[in-house]
Amino acid sequence: MNKRLGKGLDALIPALHIKEDDKVVEIPLTQLRANPYQPRKHFDDESISELASSIKEHGVIQPIIVRSVLKGYEIIAGERRWRASQRSGLATIPAVVRNFTDQQVMEIALIENLQREDLNAMEVALAYQNLIDTFSLTQEELSAKVGKSRSHIANFLRLLQLPPKVKEYVSRGTLSMGHARAIAGMKDEKVIFQLAEQTIAEEWSVRQLEEEIRKRDEEKQKKDVTAKKAKRDPYIHALEENLREMLKTTVKIKTNKNKGKIEILYYSSEDLQRLLDIMQGKHTG
């Protein structure tokens, strides 16, 4: 992500850096609240504890970035430091106050997490969908903002259609983005769940999962063709067989209620003449 940000997000990156002339203030932890647009839903407890131990010994070295809201302050960047400071028993935390719009806050939160690769695939998908919904963006507009292709955006958004249990597997990393993308295009939720469970149990690679899906698709197509043939009127089927035997060529009768058409295939000009002779009673062989 940090190698190819869109122009919109790229312009926001300097806002995440603390400058020498920035005014740093100590803000009571009780006056701070988490970013409501934070795409990261899971914070590793062990990692927070380690950071809390470091803060107890060295303090908060890098100020967090906040914005002023109606009741106190809202964290723009540095939620881990805030959580760790609470755990370490601090009363205040150093911060730089900046002015941001809601859209900028959401975009910055996305940048911060993606640059650290902290988000799992489901969190990225939800962050993209929230940006689209909240600010009425098209997939093309979001693509330009985050510097990713439209297909990249679409692949993540498709994950949101997965059954809840499968989403949970993706969130925990039990299923990779590649696995999730392979099954996300399927329509039957029961099949999706079954494939997810089988992938986990048998430790399939993405390629093995894709091969299983291909086999299932082929089997389904064969069953559909067989079922379609089985549904045909046996009388029409018998007529086709009789005409094929009589004309010695492929014959198809296509019906639609009380009307339809008969297709007689020929494979050369001589074959056409042979069929015409039969139909005109000139040839019986």
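How many helices and strands are there in the chain? The chain has 13 helices and seven strands. The model described here is predicted.

**The chain as a whole**

The chain holds 285 residues, and buried residues make up 37% of them. Its accessible surface comes to about 17,700 Å², and carbon and sulfur atoms account for 49% of that area. Among the contacts with a separation of 6 or more, 67% join residues 24 or more positions apart.

Helix α3 covers residues 79–88, and S85 is one of its residues. S85 counts as buried because its relative accessibility is 0%. Neighbours within four places in sequence aside, S85 is in contact with L29, I55, V60, L90 and I93.

**An aromatic pair between α5 and α7**

One aromatic pair turns up in a search of the whole structure. The pair consists of Y128 and F156, whose ring centres are 5.9 Å apart; their planes stand at 90°, so the pair is edge-to-face. Y128 belongs to helix α5 (residues 121–135) and F156 to helix α7 (residues 150–158), so the pair ties together parts that are 28 residues apart in sequence. Both Y128 and F156 are buried.

Helix α10 runs over residues 189–202. Its 14 residues should span 20 Å at 1.5 Å a residue, and the end C-alpha atoms are 20 Å apart, which agrees.

Which residues of α10 are buried? They are I192, L195, A196 and T199. Seen down the axis of α10, these buried residues fall within an arc of 100°, so they line one face of the helix. The spacing follows a general rule: an α-helix has 3.6 residues a turn, so residues three or four places apart point the same way. On the face of α10 turned away from the buried side are the exposed residues K190 and A201.

The N-terminal end of α10 is capped by D188. A side-chain oxygen of D188 lies 2.9 Å from the backbone nitrogen of K190. Just after the helix comes E203, with a positive phi of about 55°.

E203 is a residue other than glycine with a positive phi. S136 also is not a glycine, and its phi is positive as well. The table sets out both residues.

| Residue | Phi | Loop | Relative accessibility |
|---|---|---|---|
| S136 | about 50° | between α5 and α6 (139–146) | 62% |

The cut-off for exposed is over 50% relative accessible area.

Methods. Residues are numbered from 1 along each chain as its sequence is written. This is a predicted model: local features need pLDDT of at least 70, side-chain atom pairs count only at pLDDT 80 or more; totals for chains, interfaces and linings use all residues. Side-chain values use heavy atoms; hydrogens and water are left out. Helices (H or I, at least four residues) and strands (E, at least two) are DSSP runs, numbered from the N terminus. Buried means under 20% relative accessible area, exposed over 50%, partly exposed in between (1.4 Å probe, protein chains only). Contact means heavy atoms within 4.5 Å. The expected span of a helix is 1.5 Å times one less than its number of residues. The arc is that of the directions from the helix axis to the C-beta atoms. A polar contact is a pair of N or O atoms within 3.5 Å; within protein, one must be able to donate a hydrogen and the other to accept it, and residues adjacent in sequence count only if both atoms are side-chain atoms. Rings of Phe, Tyr and Trp (its six-membered ring) pair if their centres lie within 6.5 Å; planes under 30 degrees apart count as stacked, over 60 as edge-to-face and the rest as tilted. Accessible areas come from the Shrake-Rupley method with a 1.4 Å probe; for residues, only the protein chains shown count as cover.
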